[in-house]
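Dear colleague,

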Amino acid sequence: MLDYILAGLEMAASWQSILMIALGLLSGIVIGAIPGMTADIGIILCLPLTYAMDPIPAMMLLLGIYCGGTYGGSITAILINTPGTPANAATTLDGYPMTLQGKSLKALQMALYSSFFGGIVSALICLFAAPAIARVAQTFGPPEYFCITFFGLSIIASISGDNIIKGIMGGVIGIFIALIGQDSVSGVIRFAFGNRKLAGGIPLLAVLVGLFALAELLSRSNYDPKNDPARKAKIKISQERVTWKEIKQCFRAWVVSSVIGTVVGATPGTGGGIAAFISYDQAKKMSKHGDNFGKGEIEGVAASEAANNATTGSTLIPLMTLGIPGDGCTAILIGAFMLQGMIPGPALFRDHPGTLYGIMLGLLFVNVLMLVFGLALTPLYSNISRIPYELMSALIIVYCIAGVYSNEGSTFHVLLAACIGVASFLLRKLGFSVVPIILGVVLGDLVETNFRNSMILSGGSLSIFVTRPFSLLFLLLALVSIGSFFYKSIKKHVKGTAPEQK
Amino acid sequence: MKMKKRFAFLLALALMLTALTACGGKTASSTVPENTSGSSQAEEPSASSDYPNKTVTIICPWGVGGGADTIARKITQVAEKYFDQPIIVENHTGASGTIGMGDAFDAAADGYTLVTANGPLFSLTPKYVDVQYTLDDFTMLRGMRTVSLMVVTNPKTTGFQSFDDILEYGKSHKLTYATSSGPGGDQYVVSSAAFISMGIEAEPVVLGSEAEVVNAIASGQVDLGLCTPPSYYAFQEEGTALAVATFYPEDVETKFGTVKCMENWGIDAIFGGMDCLAIRSDTPQEIIDKLNAMLDEVYADPDFTDYLKEMGYNLWDAKGDEVQTFIENQMDSMERYVELLESK
């Protein structure tokens, strides 16, 4: 193995690879930061450029976009309350409140450090434990996928803010949106009302843009630049940076989130969004400042950003060893491997070990360079919030509509996004948080399909979820998570108005 | 003043990004060399004699990295040697491939838009999705590859050594099988028809990708699975996967020996998977000839044939008429299977 690592290092450290990493990261960060463009689109756009390249520089370009995009999405999540990609939805919960408090620079820095930490941990695990994890992942099937996504749904409780009932209602609305379209098991078309365009389902991007960006714009539509209290008061963007104390405070969240991100990433069909939500929930429960989550707590940003970048390395494990994509981006990476004449699957480690180790080592470089670029760029884009809102809002609208349209070249989807935007605006006015809704949309389809597939496998018996070791483990984790929420809220209730400790 | 300058810079940057958004999307196109943008402005060719004078696009109705996409991209790469203009692949995905087909149908019949098609786009999908095109609207240019759909099982966990074992077991037991095509998909329809005609009760587990199907078979989660070579080869070497029968119209030679087709058991469930290149049928013959001449060169180039062999794709060097007949036959059989399923 050491020979392969050395050979791989030689290829990964070539100037071509480093150049490609730099190009990939820069474009990835920009693409990730634009609402309506995700890392998937960036990878597809750059794929033809890789034809003429050697495998390692080619994969470095694409992995740079992948990692940069996952991190870049946090920038808009923090600054304008619109996650750049679905994986950053949890970051809005605390990142945006921090911006409102003038602490945008601090939040952006924490997002960068956390992404770096998660990415490095994941890349190291991928490098040293890929074959072992692959053996475990191979035994995963619909029951395990179901239990992990169920775990994801169970955290609605802790992200719904003050009102749990509204949180659950939001989650249900999200699941309902996910149900629209053709059912993947029986083929029945649901809730399309005879509209052929709805039969294809509602794309996640349209939901994301409508739910966050358009609704945010609507809710500020009475904005008057002459009467902007922030501008009148001349609130300065604090130049306050992340302190050592805060890093120490977040360290535990980083470690836990990186582990969660790695496990979720290695599970096919999940992705960064679920990892970020589960980690956010765990961090909230373990933190001393749990009650401050959702109000601008830096640990919240740390947890969700470490987790979503921790999926970037581990999604490569099922991809390279089994040929199974861990999320949408890696599904396209499979295509990139094929174009290089490498078929992802069990034979890949046997036939191209040097190249694979080169790619895994390159992933470490990707993360290091991401930190360097991030440090150089963060002060620049923390100034984005200086752009007058009347200009900013117009730009956001243009990006969003262009992004939704270009995804499938469909004006219908733009219309859908607009409707979702209006609905989301009304829900916000009624005191709903939109984050449980996006969670429901992301997970609804996965939960249903995997539950039904499990039932087919077991002949209709629910025992399949408890007789398989890993599915039992994930199920227990979900139950503990729900249990601890109720335990805490009962305890709080009993204490009544007693002043908070700590 | 300084503030203003910085603001102007940010605004410029933002405008640049806007332009970038506009070229985003599910299209994967390579950058077009400078010289072609000039000539394309010089109006489209009135005569087909100066064809080609701008970039030719192959629309792939499926995602990046699939078989048709990979082969089409290889064709564009090899064709650089034989064609005066660049050829690019764009993926117009969605609605079971009918979005891309619709775009190819809407494009001008000037020979600058080709499409990668397959049988089910004509024989099956139109039964479930509204489409504007018919088989008559397209001329088949050339076959790309054949795909033989296999029934694969894991002899170690199921104990099945042959298709006969499965038929025997299925008489008294319900089977589960994994497939990567959902309702209305080709595999789903053909396999459902097959199980009905075998008198076996079987339930499909629809998984997201073929790799997951293979994995579900090899790890013993399902009794059977439907997959295509070479996805299961690595597992057959280990002994955790075994192809026992194929839906292809005739027996198929694989790395591990002959796999018999369904006809050997008297089961009416035939499905020959294939991908082909097609173009609008009202394209001038002169242009079609030029494209065929280019494809002749590409298909004879070892760069192309070796790549396909290495990837385990089964090159199908069939001329347009042969492809046409193949699709017509498939339309007849699919008609029967859909009727059979609907009568159930």
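Please bear in mind that this is a predicted model. Between domain 1 of chain B and domain 2 of chain B, 3 residue pairs are found in polar contact, with both residues of each pair at pLDDT 80 or more. The elements that give two or more residues to the side of domain 1 of chain B touching domain 2 of chain B are strand S4 (138–148) and helix H13 (320–343) of chain B, and H13(B) gives the most, with 6 residues. By type, the residues on that side of domain 1 of chain B divide into 9 nonpolar, 4 polar and 1 charged.

The same interface holds 1 salt bridge. Arg336(B) forms a salt bridge with Asp268(B), and their closest N and O atoms are 3.0 Å apart.

As for the layout, domain 1 of chain B covers 56–147 + 273–338, while domain 2 of chain B covers 150–270. The contact between them takes 14 residues from domain 1 of chain B and 13 residues from domain 2 of chain B, and the C-alpha centres of the two domains lie 27 Å apart.

The area buried between domain 1 of chain B and domain 2 of chain B is about 1000 Å², and carbon and sulfur atoms give 67% of that area. Of the area that domain 1 of chain B buries against domain 2 of chain B, Leu124(B), Val147(B) and Tyr337(B) supply 46%, which is more than any other three residues.

With best wishes

Key:
Residues are numbered from 1 along each chain as its sequence is written. Chains are lettered from A and ligands numbered from 1 in the order in which they are written. This is a predicted model: local features need pLDDT of at least 70, side-chain atom pairs count only at pLDDT 80 or more; totals for chains, interfaces and linings use all residues. Side-chain values use heavy atoms; hydrogens and water are left out. Domain bounds come from an automatic or database domain assignment. Contact means heavy atoms within 4.5 Å. Buried area is the accessible area (1.4 Å probe) that two parts lose on being put together, summed over both. A salt bridge is a side-chain nitrogen of Lys or Arg within 4 Å of a carboxyl oxygen of Asp or Glu. A polar contact is a pair of N or O atoms within 3.5 Å; within protein, one must be able to donate a hydrogen and the other to accept it, and residues adjacent in sequence count only if both atoms are side-chain atoms. Helices (H or I, at least four residues) and strands (E, at least two) are DSSP runs, numbered from the N terminus. Ala, Val, Leu, Ile, Met, Phe, Trp, Tyr, Cys and Pro count as nonpolar, Asp, Glu, Lys and Arg as charged, and the others, Gly among them, as polar.
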